[in-house]
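Please walk through this fold with me, one piece at a time.

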Amino acid sequence: MTANIAYDDVEVGTELPAQTFPVDRAALVRYAGASGDFNPIHWNERFAKEVGLPDVIAHGMFTMAEAIRVVTDWTGDPGAVLEYGVRFTKPVVVPDDDKGAEIHVSAKVAAKLDDNTVRVDLVATSGGQKVLGMSRAVVRLA
(Lines give C-alpha, C1' and ligand atoms only; values in the text may rest on other atoms or scores of the structure.)
Protein backbone atom coordinates (compact mmCIF):
# COMPACT_ATOMS: atom_id res chain seq x y z
CA MET A 1 0.00 0.00 0.00
CA THR A 2 1.28 3.50 -0.82
CA ALA A 3 0.60 6.72 1.00
CA ASN A 4 -2.29 8.74 -0.43
CA ILE A 5 -0.37 12.02 -0.16
CA ALA A 6 1.85 12.99 -3.12
CA TYR A 7 5.38 14.15 -2.32
CA ASP A 8 5.12 16.93 -4.94
CA ASP A 9 1.97 18.30 -3.26
CA VAL A 10 3.67 18.75 0.12
CA GLU A 11 5.83 21.68 1.20
CA VAL A 12 7.90 22.35 4.29
CA GLY A 13 5.43 23.81 6.77
CA THR A 14 2.45 21.76 5.54
CA GLU A 15 0.29 21.15 8.62
CA LEU A 16 -1.33 17.79 9.17
CA PRO A 17 -4.85 17.77 10.62
CA ALA A 18 -4.51 18.00 14.42
CA GLN A 19 -6.34 15.44 16.53
CA THR A 20 -7.33 14.93 20.15
CA PHE A 21 -7.32 11.43 21.63
CA PRO A 22 -9.27 10.64 24.80
CA VAL A 23 -7.60 8.40 27.40
CA ASP A 24 -9.44 6.76 30.25
CA ARG A 25 -8.54 4.04 32.72
CA ALA A 26 -10.29 1.39 30.62
CA ALA A 27 -8.02 2.21 27.67
CA LEU A 28 -4.98 1.77 29.92
CA VAL A 29 -6.21 -1.63 31.09
CA ARG A 30 -6.80 -2.72 27.50
CA TYR A 31 -3.32 -1.50 26.52
CA ALA A 32 -1.75 -3.29 29.49
CA GLY A 33 -3.39 -6.51 28.35
CA ALA A 34 -2.22 -6.08 24.76
CA SER A 35 1.33 -5.03 25.66
CA GLY A 36 1.87 -7.20 28.73
CA ASP A 37 2.92 -4.09 30.71
CA PHE A 38 0.99 -4.40 33.97
CA ASN A 39 3.13 -1.95 35.96
CA PRO A 40 0.80 -0.70 38.74
CA ILE A 41 1.59 2.96 37.98
CA HIS A 42 -0.73 2.49 34.99
CA TRP A 43 -3.76 1.22 36.90
CA ASN A 44 -3.33 1.51 40.69
CA GLU A 45 -3.85 5.05 41.95
CA ARG A 46 -2.58 4.29 45.48
CA PHE A 47 0.64 2.76 44.16
CA ALA A 48 1.20 5.58 41.65
CA LYS A 49 0.90 8.19 44.40
CA GLU A 50 3.16 6.18 46.75
CA VAL A 51 5.95 6.36 44.17
CA GLY A 52 5.53 10.13 43.76
CA LEU A 53 3.25 10.39 40.75
CA PRO A 54 0.19 12.67 40.84
CA ASP A 55 -2.10 9.80 39.79
CA VAL A 56 -2.17 6.85 37.39
CA ILE A 57 -0.25 7.61 34.20
CA ALA A 58 -0.60 6.34 30.64
CA HIS A 59 2.05 4.00 29.28
CA GLY A 60 4.69 5.93 27.34
CA MET A 61 4.33 3.63 24.37
CA PHE A 62 0.55 4.14 24.44
CA THR A 63 1.09 7.90 24.23
CA MET A 64 3.62 7.44 21.44
CA ALA A 65 1.21 5.21 19.49
CA GLU A 66 -1.67 7.66 19.83
CA ALA A 67 0.50 10.53 18.57
CA ILE A 68 1.66 8.77 15.38
CA ARG A 69 -1.99 8.24 14.42
CA VAL A 70 -1.98 11.85 13.18
CA VAL A 71 0.64 10.82 10.61
CA THR A 72 -0.88 7.46 9.67
CA ASP A 73 -4.33 9.01 9.27
CA TRP A 74 -2.80 11.71 7.04
CA THR A 75 -0.95 9.27 4.80
CA GLY A 76 -3.68 6.63 4.78
CA ASP A 77 -0.97 3.98 5.13
CA PRO A 78 0.70 3.02 8.43
CA GLY A 79 3.43 1.32 6.38
CA ALA A 80 4.48 4.72 5.02
CA VAL A 81 6.14 5.50 8.37
CA LEU A 82 9.78 4.48 7.95
CA GLU A 83 11.17 5.88 11.22
CA TYR A 84 9.59 7.26 14.37
CA GLY A 85 11.11 8.37 17.63
CA VAL A 86 10.25 10.48 20.65
CA ARG A 87 11.55 11.54 24.02
CA PHE A 88 9.13 11.19 26.91
CA THR A 89 9.03 14.58 28.67
CA LYS A 90 5.98 14.42 30.97
CA PRO A 91 3.50 11.67 31.78
CA VAL A 92 -0.12 11.70 30.67
CA VAL A 93 -1.98 11.75 33.99
CA VAL A 94 -5.27 9.85 33.78
CA PRO A 95 -7.68 10.63 36.63
CA ASP A 96 -10.38 8.18 37.65
CA ASP A 97 -13.37 10.27 36.63
CA ASP A 98 -15.86 10.53 33.78
CA LYS A 99 -13.44 12.54 31.63
CA GLY A 100 -10.04 10.90 31.98
CA ALA A 101 -7.37 12.75 30.00
CA GLU A 102 -6.79 13.94 26.45
CA ILE A 103 -3.72 13.87 24.25
CA HIS A 104 -3.67 16.75 21.75
CA VAL A 105 -1.41 16.17 18.74
CA SER A 106 -0.40 18.53 15.96
CA ALA A 107 2.19 17.92 13.27
CA LYS A 108 3.81 19.55 10.28
CA VAL A 109 6.23 18.69 7.53
CA ALA A 110 9.63 19.91 8.73
CA ALA A 111 11.81 18.79 5.80
CA LYS A 112 11.59 17.23 2.37
CA LEU A 113 14.14 14.45 2.04
CA ASP A 114 15.28 12.09 -0.73
CA ASP A 115 13.26 9.22 -2.25
CA ASN A 116 9.85 10.86 -1.77
CA THR A 117 10.30 11.03 1.99
CA VAL A 118 9.52 13.83 4.41
CA ARG A 119 10.28 14.43 8.06
CA VAL A 120 7.20 15.22 10.12
CA ASP A 121 7.60 16.87 13.52
CA LEU A 122 4.84 16.24 16.06
CA VAL A 123 3.77 18.12 19.17
CA ALA A 124 1.83 16.17 21.79
CA THR A 125 0.37 17.79 24.89
CA SER A 126 -1.87 16.73 27.73
CA GLY A 127 -3.16 18.87 30.55
CA GLY A 128 -1.40 21.87 29.03
CA GLN A 129 2.04 20.20 29.18
CA LYS A 130 4.19 18.85 26.40
CA VAL A 131 4.30 15.07 26.90
CA LEU A 132 6.57 14.10 23.99
CA GLY A 133 9.74 15.87 22.93
CA MET A 134 11.80 15.42 19.79
CA SER A 135 8.82 13.61 18.27
CA ARG A 136 9.72 12.99 14.63
CA ALA A 137 8.72 10.61 11.88
CA VAL A 138 10.19 9.94 8.45
CA VAL A 139 7.44 9.11 6.00
CA ARG A 140 7.49 7.89 2.39
CA LEU A 141 4.89 9.60 0.23
CA ALA A 142 3.53 8.72 -3.22
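Begin with aspartate 115, which lies in the loop between β3 and β4. Helices and strands here are DSSP runs, numbered from the N terminus: a helix (H or I) has at least four residues and a strand (E) at least two. Aspartate 115 is not a glycine, yet its phi is positive, about 55 degrees. The loop belongs to a hairpin: β3 and β4 have four residues between them, and aspartate 115 sits in that turn. Is this residue buried or exposed? Aspartate 115 counts as exposed because its relative accessibility is 61%. The classes are set by relative accessible area: buried is under 20%, exposed is over 50%, and partly exposed is in between (1.4 Å probe, protein chains only).

A word on the model and its numbering. This is a predicted model, in which local features need pLDDT of at least 70 and side-chain atom pairs count only at pLDDT 80 or more, while totals for chains, interfaces and linings use all residues. Residues are numbered from 1 along each chain as its sequence is written, and side-chain values use heavy atoms, with hydrogens and water left out.

Now step back to the whole protein. It has three helices and five strands. Read from the N terminus, the order of elements is β-α-α-α-β-β-β-β. The C-alpha atoms fill a box of roughly 50 × 30 × 25 Å along the principal axes. Of the 142 residues, 40% are buried. Among contacts with a separation of 6 or more, 66% join residues 24 or more positions apart. A contact means heavy atoms within 4.5 Å.

Next, the surface. The protein exposes about 7700 Å², and carbon and sulfur atoms supply 50% of that area. Such areas come from the Shrake-Rupley method with a 1.4 Å probe; for residues, only the protein chains shown count as cover. The protein carries 14 positive and 20 negative side chains. Lys and Arg count as positive, Asp and Glu as negative; His and the chain ends are not counted. The centres of the two sets lie 6 Å apart. Each charge is placed at NZ of Lys, CZ of Arg, CG of Asp or CD of Glu.

Two strands pair if DSSP finds at least two bridges between them.

Strand β3 (residues 101-112) and strand β4 (residues 117-126) run antiparallel, joined by eight bridges. Valine 105 has alanine 124 in β4 as its bridge partner. Valine 109 is bridged to valine 120 of β4. On the β5 side, valine 120 stands opposite alanine 137. β4 and β5 are antiparallel too, over nine bridges. Their hairpin has two residues between the strands, and glycine 127 takes a positive phi near 60 degrees there. β2 and β5 pair antiparallel over six bridges. In that pairing, glycine 85 has arginine 136 of β5 as its bridge partner.

Methionine 134 lies in strand β5. Methionine 134 has a positive phi of about 50 degrees, although it is not a glycine. Methionine 134 counts as partly exposed because its relative accessibility is 45%.

Aspartate 121 is in strand β4. At 22% relative accessibility, aspartate 121 counts as partly exposed. Which residue stands opposite aspartate 121 in β5? Arginine 136 does. Beyond its neighbours within four places in sequence, aspartate 121 is in contact with Ser106, Ala107, Lys108, Ala110, Ser135 and Arg136. Alanine 110 is 11 residues from aspartate 121 in sequence, yet their C-alpha atoms are 6.0 Å apart. In a regular strand, side chains alternate between the two faces of the sheet.
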